Amino acid sequence: MAYVTLGAAILVEVLATTAMKYSEGFTKLWPSLGTAAGYLVAFVLLAQTLKTMSVGTTYAIWSGAGTAVIAAIGMLFLGEAANAARLIGIALIIGGVVLLNLGGAH
């Protein structure tokens, strides 16, 4: 169940970060409210996850997955450059999260 909660936290955080892009520096009301609400929900879900998972593993998955997904969204949908360095960076993030999980998540 902890991984489901963590997955939901990551999804909401990614949506909130994407809304932040569209808030144009918090000058647009609805994307700004979506950002604030999304981060609130994401942190509540993250806090629930931390009740049963170690903080190191949880945060590695949270930050790694969020970073990788946001980078991919930027490249696929927002016109950001997709070059070898970025793709290798995403692969290294994912690899690092996998290694941390192999080290023992509970």
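View 1. What you see is a predicted model, in which local features need pLDDT of at least 70, side-chain atom pairs count only at pLDDT 80 or more, and totals for chains, interfaces and linings use all residues. Residues are numbered from 1 along each chain as its sequence is written, and side-chain values use heavy atoms, leaving out hydrogens and water. Residues 26–47 are 86% helix and 0% strand, with end C-alpha atoms 26 Å apart. For residues 84–103, the figures are 95% helix, 0% strand and 28 Å.

**View 2. Helix 1 beside helix 2.** Helix 1 (residues 2–22) packs against helix 2 at about 160°, with axes 8 Å apart. Helices here are DSSP runs of H or I, at least four residues long, and axes are lines fitted to C-alpha atoms over the stretch in contact, with angles from 0 to 180 degrees between N-to-C directions. The two helices are therefore roughly antiparallel (angles over 145 degrees).

View 3. Now find Ser-32 in helix 2 (residues 29–49). Is Ser-32 buried or exposed? Its relative accessibility is 13%, so Ser-32 counts as buried (under 20% relative accessible area, with a 1.4 Å probe and protein chains only; exposed means over 50%). Setting aside neighbours within four places in sequence, Ser-32 touches Ser-23, Phe-26 and Thr-27.

Definitions and conventions. Contact means heavy atoms within 4.5 Å. Angles under 35 degrees count as roughly parallel, over 145 as roughly antiparallel, 65 to 115 as roughly perpendicular and the rest as oblique.
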